[in-house]
Amino acid sequence: MTAFPPDLFAGRRFAVLGLGRNGAPAVRALVAMGARVQAWDDGPAARAAVDDVAGVGVAPFDTLAGFDALVLSPGIAHVLPQPHPVALMARQAAIPILSDAELLFQAVRRAGSRARFAGITGTNGKSTTTALLAHILLACGIPVAAGGNLGPAALSLPLLPDDGVYVLEMSSYMLERLHSLRFDAACLLNLTPDHLDRHGDMDGYRRAKLHIFDRQTADDLAVIGTDDVSDTALRDELAAQGIPTMTVSGTVAADLTGAGGLLRDGAGPIATLADAPSLPGAHNAENAAAAVVMALSLGAPRADIAAALRSFPGLAHRQKLIDTIDGIRFVDDSKATNADAASRALGCYDRLVWIAGGTAKAGGIEDLAPFFPRIAHAFLIGRDAAGLARTLAAHGVPHTIAETLDRAVPGAFAAARAGHVPAVLLSPACASFDQFRSFEHRGQHFADLVRKLHPTGETE
């Protein structure tokens with residue numbers, strides 16, 4: 001792994017709008033590769049993040065004349081619900097609007113590296129699958145760099161050698177802004193309603209996600225999760241283009257399946273998932289199946305897969321065991337920001353105390369009704385707690401509007417002890433921004449509160 005050549009983008013000029021987690025690293029990387037950059041963010045603190053980058057023009061955009069491309073933060077709309085004025089300016093001038101993942105691909109190829117690219121998308125599970133695939137490849141001695149929508153921004157990743165693999169989590173926003181990036185292995189895990197304001201409707205969301213397979217050839221691999229992708233024509237569409245396609249599942253037969261807790265394909269068993277404690281539940285069986293089939297296609301030895309799965313540490317805020325106190329497991333699943341994501345965690349426990357709430361997504365938690373009999377008591381927090389309470393009341397689920405995590409955590413502990421319930425699960429089914437900076441902030445606060453439950457203040 002090395003740095004990119006300092007003249008890689010010499011003579012090219014980029015506009016960067018939005019200086020958050022993706023934008024600021026993009027500015028630094030592009031300048032380090034010899035590009036000229038003008039950057040802007042409406043927030044003074046965000047602009048300050050690039051104050052120390054020599055040669056960057058920090059100013060609003062009056063025109064995009066002379067720019068080669070606009071690098072737009074994923075959170076800034078370029079079409080729906082309303083295009084940002086600078087994005088509209090770019091579209092009218094036929095200037096490409098690119099994601100930093102696209103520029104990483106261009107940089108790698110300009111540098112002469114033939115490193116491969118693996119892309120993972122889906123409504124849920126993509127972070128775990130991305131991290132797991134990177135972990136497997138690294139455990140097998142393959143040079144790897146992982147990032148994108150997860151972890152490091154794409155343009156902050158190093159230059160890999162020809163045998164290396166970039167493992168990128170790709171959001172629908174990023175996938176809409178690709179020009180030449182081709183994934184050697186690409187996966188669509190699942191597809192349930194989300195971000196419909198940005199894509200117009202479910203069909204628009206689907207089209208955005210399917211860009212993960214753009215430009216693939218007969219030398220590549222397309223992976224489709226069958227547990228939630230109710231799109232029987234997709235495999236036929238890809239096959240008609242000559243793209244090799246594999247299906248994966250955590251519950252039913254597929255080309256590679258984790259049904260029954262045994263990961264296997266047509267050649268036989270690969271690993272027992274009970275030996276991988278950081279991958280609980282059928283949804284993680286599907287995530288593991290996807291990561292393994294991609295790893296095998298990228299050169300990971302089959303014999304090394306089981307050990308790599310066993311050593312996977314899991315991701316923070318994705319069903320992460322924080323502590324066990326008085327025999328009660330406290331699990332942080334703060335990443336579950338919608339009902340579909342929360343359903344995957346709820347399905348892992350026969351009996352639990354549930355902490356949920358925040359800013360509810362369209363439809364609230366009504367779709368979680370099949371899991372309500374598992375809930376001994378629910379503690380609700382955040383802006384839409386009252387609305388969630390009405391749904392639970394209609395189904396006869398005992399609940400308390402705790403309003404804050406500070407009240408919910410000790411209340412949940414008391415309820416679990418009183419009812420001999422083995423698990424307290426934070427899986428909010430809601431966004432976090434009403435009370436927290438992010439789902440990470442919410443999960444960390446939960447962990448801090450759990451640790452304070454010990455009489456000594458120390459964890460076991």
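The residues lining the largest cavity split into 7 nonpolar, 5 polar and 2 charged. Here Ala, Val, Leu, Ile, Met, Phe, Trp, Tyr, Cys and Pro count as nonpolar, Asp, Glu, Lys and Arg as charged, and the others, Gly among them, as polar. This is a predicted model, where local features need pLDDT of at least 70, side-chain atom pairs count only at pLDDT 80 or more, and totals for chains, interfaces and linings use all residues. Residues are numbered from 1 along each chain as its sequence is written, and side-chain values use heavy atoms, with hydrogens and water left out.

**The largest cavity**

- Searching the whole structure turns up 2 cavities of 30 Å³ or more; a cavity is a set of points on a 1 Å grid over the protein atoms alone where a 1.4 Å probe fits but cannot get out, and lining residues have an atom within 4 Å of a point.
- The largest one has a volume of about 70 Å³, volume being the space filled by probe spheres set on the points, with grid points joined across faces, edges and corners.
- Its lining has 14 residues, and Leu72, Ser73, Pro74, Ser99 and Asp100 are the ones nearest its centre.
- Strand E1 (13-17), strand E4 (69-72) and helix H6 (172-175) each give two or more residues to that lining; helices (H or I, at least four residues) and strands (E, at least two) are DSSP runs, numbered from the N terminus.
- The largest cavity lies between domain 1 (13-98) and domain 2 (103-311), because both give residues to its lining; the domain bounds come from an automatic or database domain assignment.

**The second largest cavity**

- This one comes in at about 40 Å³.
- Ala271, Thr272, Leu273, Asp275, Ala276, Ala306, Leu309 and Arg310 line it, making 5 nonpolar, 1 polar and 2 charged residues.
- Strand E14 (268-272) and helix H11 (305-310) each supply at least two of the lining residues, with H11 giving the largest share, 3 residues.

**A helix pair**

- Helix H5 (residues 126-139) and helix H10 (residues 281-297) have axes that come within 9 Å and cross at roughly 45 degrees; axes are lines fitted to C-alpha atoms, for helices over the stretch in contact, and angles run from 0 to 180 degrees between N-to-C directions.
- That makes H5 oblique to H10, since angles under 35 degrees count as roughly parallel, over 145 as roughly antiparallel, 65 to 115 as roughly perpendicular and the rest as oblique.

**Backbone spots to check out**

- Going from Leu80 to Pro81, the peptide bond is cis, with omega near -5 degrees, and Pro81 sits in the loop between E4 and helix H3 (85-92).
- Glu403, in strand E20 (residues 399-403), has a positive phi near 75 degrees despite being a residue other than glycine.

Terms used. 1 Å grid on protein atoms, 1.4 Å probe; cavity = no way out; pocket = protein on both sides within 12 Å on 5 of 7 lines; lining within 4 Å.
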